[in-house]
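Dear colleague,

Please find below the structure that I am handing over to you, together with its sequence. My notes on what was found follow it.

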Amino acid sequence: MKGSECSQVMDKSSDNPEEDRVSLRSNGKMPANGMAKEVLGAFQSFRQSIRRPSEKSPFSPKSKDLKVTSSVQAQVSVSESSFSSPPTSPSLSAGSPATTPFKAIGGSCQKNDEDQPDIVTRKKKPITRSKSDTNTSKLGDSLMKKGASIRRSLRFSSKKETDKTGRKDSAVSEALPEIMDDKEAEEEELSEVDELYSLPEIPHTPLSVMQINKLIEMEVLEEAHLNLLAMRQEFQKEQEQSGDDSPMELAKKEKDLVLLYNDLRKKICTIVCDSNSLPARNKALLVHLARIIQEEEKRAEEPGGLQDSWRESWREAVSDGVLAKVKSVHLDSKEQNRSWLAVHLGRLGKTIVEDLMIVKQELRWSYPPSFKVFSTYVRSYQRVLGQHLKKLESQVTELKDVYALLDWILHTYKSEKIMGSFSLLPEMAEESTDLQLEESFMKQLLEKYSLKVKEDVSAALDRVIELENETVWKDKNEPQIEDNVFHSQFPMDIWTNMKANVIHSQKLDIELEKKVIVSCLEELKTFPIRFENQFILHCSALQPQPLWTKYQITYINSFAALQQYMEGYMDSCPNEVEAFRGEVKGLIERLMESLGKQYKDDAKPFLRRMMTRKWLTNDDDFKNLYSRTRQLCDHCKHMSPPYLEEFANRLHYHVVKEYIGQLMKNNYSCKNQKHERAATKINQQWKQLCELFYNMGSTHEWLEHVGYDLSKIIGEKNKTDIKSNVQPLLEHYPDFSRKHLVAVLSFSGLNKGREYHLILQKLTALKKEAGSTCTDRSQVLFEDIQVTANTDCFSNLPSFCVSFLQSDS
């Protein structure tokens, strides 16, 4: 750039208060304004594009940079000694000396203590790509290096503070603390690197292959790339001159170019991969490598370079860095920590937020906007996490871990804990929060969760049976009583377990809820028969002890309660609930049958001796029958109401049928006026039995009439009045038949004669009037009572033979 052009640029800068204004001191004197403007105008554009990210970042060093500068100087000295005698080449940026740039950097570092900058304000200004004028390079070298050194050694006040004071104050610079206040850090404006840039002049003669390679190793990327471009231009000229011929020297140079470019790309990828772990160290390097990537994309069609995309390699390097971050998150083994997965996912979420915060606050300011750094890191995390979660899924074997994984994917990852974090706003507002997972992954994971729920329910049901054995059956403990019913805790345990599974699945996914309910009910369907088998195995030896009866009543109540709990899922899974209901109903029915059978077996010998000569003279059998029935009634009071009523009705009907049935067996005939005493006894016993079953809970009131009606017929003194007692009996029990009446008359001592036949005719007439359609099938009694046949030949037998046949068995 010529002197007049520099003057125009500086004049323009001075007209705008937002342009950079730097005052430099040399040997205690201020250089002329014209000279400073002439020098700075030539290099202002390029140095702005390089300097702005580091100067504006709230994480850039302040006064401590003096120490860093010293270390850089030491590093430069080492790097200088590593070169034997490098050939002269133009500098990385306009204004640097013709030799290698390390000496200029070292020189500027030595003068840091002498230089003091004024407070500077900055404004982003895009610069078009152009080559720098070399005429001013030597003249401006020391001044530019001195300015850079000053900027590194001192921290400028914020733009807001400069505007407020409106004057220069060097004392402020000297008094700045090593760490800015939080308020100043928030006020400082941050901006990305300009998209447009000026490429420093390409050397006319490139360094050697070994020297370029050394520059790459030392991470002097800008100079290495410029020499590569120079070498590439030489190659292109030689290729054009050689035409179709391809000499060995040209092929060798092309091979060297490819190797050097590959080394440069590898170095760039390494720096990018580590940049989120070492943001401060790689800040300046990221600016250079971003420009290299941009320049190589522009030269992609030119020969001598790499064919594949540099930008894509950069994205892969970002992804590799993200992968390294994810792999660095500690993962305990299952043996070390039972909550290994939940802890790992918590650490993983924290790492993601911290890493993206570094990208947001530091890394992205070293790249031009087109790189979309934050978006690239977010997408890399989504892709890498998808692969990482798939590996974790293969290690998951327990229900709690499958739940933790699903909950993290469906909720935690998108919540304010990670991707929805307020610290990542507003950059995250336009980004997708969906993980990149295989289509079948979530389906398999949900199916795995449903299967694990089923396995968990099955194991829980096994534990229920084991616990019942340990706490009740093994020590023959009495069942608990709650709300006046025998009670066991396991129905509540089962329901609580299932309810928890359903609630958790509902939180994960609404469609998963139904699958979990189905899985639970399918497993629960087999529980009644499993429980019954174990109960019989452990407790059948208790029969016919009262404890056996109590256990049966307890489990009738328990399974009734369990079924009631499951009715809540009838709307969502009617088929499964109905199937479970059928299994429970079958078990309760078997328990009630077993309970009734035990009673019937106990009462059978006492009922068989009713309506006999011994019964007429002795009450022991009835007392035993009453005592056994009363004991069962006392136990059944602790049965839940619906089943208590049903069971009491069953027993009531059975006792009535067996007691009245003894009249139909012709075991005894009341002669010599014994029928009156028999009728009185029937009446008394019948009253006691009816009261007993009513207290138990029976609702079969229609059974009460039969004992009183029959006792009137049996105890009637005047045989002719028996006909009037037949009609009430037939009204109460339409299924009362002729053979039943014959048996009753025989028991009362009447089995022939005119009155006998008139009574039978009366019954026939009454039944004819009533017809067969009046029979209520819900109140059938006599159809279930068999009558022992009474032949006429018995009346001709000697009295001692009849007495023998009528004796007790």
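Pro544 sits in the loop between helix H20 (527-539) and H21. In this predicted model, the peptide bond from Gln543 to Pro544 is cis, with omega near -5 degrees. A cis bond also joins Leu425 and Pro426, where omega is about 5 degrees. Pro426 belongs to the loop between helix H16 (399-412) and helix H17 (439-473).

Two residues deserve a note for their backbone angles. Most residues other than glycine have a negative phi, and most peptide bonds are trans. Lys372, however, has a phi near 45 degrees, a positive value in a residue other than glycine. Lys372 is placed in the loop between helix H14 (340-361) and H15, and it counts as exposed because its relative accessibility is 54%. Asn484 has a positive phi as well, near 65 degrees. This residue lies in the loop between strand S1 (480-482) and strand S2 (485-487), and with a relative accessible area of 48% Asn484 is partly exposed.

As to the protein overall, its secondary structure comes to 31 helices and two strands. Of its 809 residues, 48% count as buried. Among contacts with a separation of 6 or more, 81% are between residues 24 or more positions apart.

I turn next to helix packing. Two packed helices are described by the angle between their axes and the distance between the axes. For helix H18 (residues 490-508) and helix H21 (residues 546-566), the axes come within 9 Å and cross at roughly 20 degrees. Angles under 35 degrees count as roughly parallel, and H18 and H21 are therefore roughly parallel to each other. H18 passes H21 in a right-handed crossing. On the H18 side, the contact is made by Phe490, Pro491, Met492, Ile494, Trp495 and Met498; H21 contributes Tyr555, Ser558, Phe559, Leu562, Tyr565 and Met566. By class, the residues of this contact of H18 with H21 are eleven nonpolar, one polar and no charged.

The second pair is helix H13 (residues 310-328) and helix H15 (residues 373-395), whose axes come within 9 Å and cross at roughly 55 degrees. That angle makes H13 oblique to H15. The crossing of H13 past H15 is right-handed. Residues of H13 in the contact include Trp314, Arg315, Val318 and Lys325, while those of H15 include Tyr377, Tyr381, Arg383 and His388. The contact of H13 with H15 has ten nonpolar, four polar and three charged residues.

Finally, there are two buried residues within helices to report. Lys253 lies in helix H11 (residues 248-275). Buried means under 20% relative accessible area, so Lys253, at 13% relative accessibility, counts as buried. The side chains of Lys253 and Glu238 are joined by a polar contact of 3.0 Å. Not counting residues up to four places away in sequence, Lys253 touches Met231, Glu234, Phe235 and Glu238.

Thr629 is part of helix H24 (residues 620-636) and counts as buried because its relative accessibility is 1%. Its side chain reaches the backbone oxygen of Leu625 at 2.7 Å. Leaving aside neighbours within four places in sequence, Thr629 is in contact with Tyr599, Leu692 and Phe693.

With kind regards

How values were computed: Residues numbered from 1 in each chain as written. Predicted model: local features only at pLDDT ≥ 70, side-chain atom pairs only at ≥ 80, totals over all residues. Heavy atoms only, no water. Helix = DSSP H or I, 4+ residues; strand = E, 2+ residues; numbered from the N terminus. Buried < 20%, exposed > 50% of the residue type's maximum accessible area, 1.4 Å probe, protein only. Polar contact = N/O pair within 3.5 Å; in protein donor to acceptor, adjacent residues only side chain to side chain. Contact = heavy atoms within 4.5 Å. Axes fitted to C-alpha atoms, helices over the stretch in contact; angles between N-to-C directions. Parallel < 35°, antiparallel > 145°, perpendicular 65-115°, else oblique. Left-handed = near helix turned anticlockwise from the far one by under 90°. Nonpolar A, V, L, I, M, F, W, Y, C, P; charged D, E, K, R; others polar.
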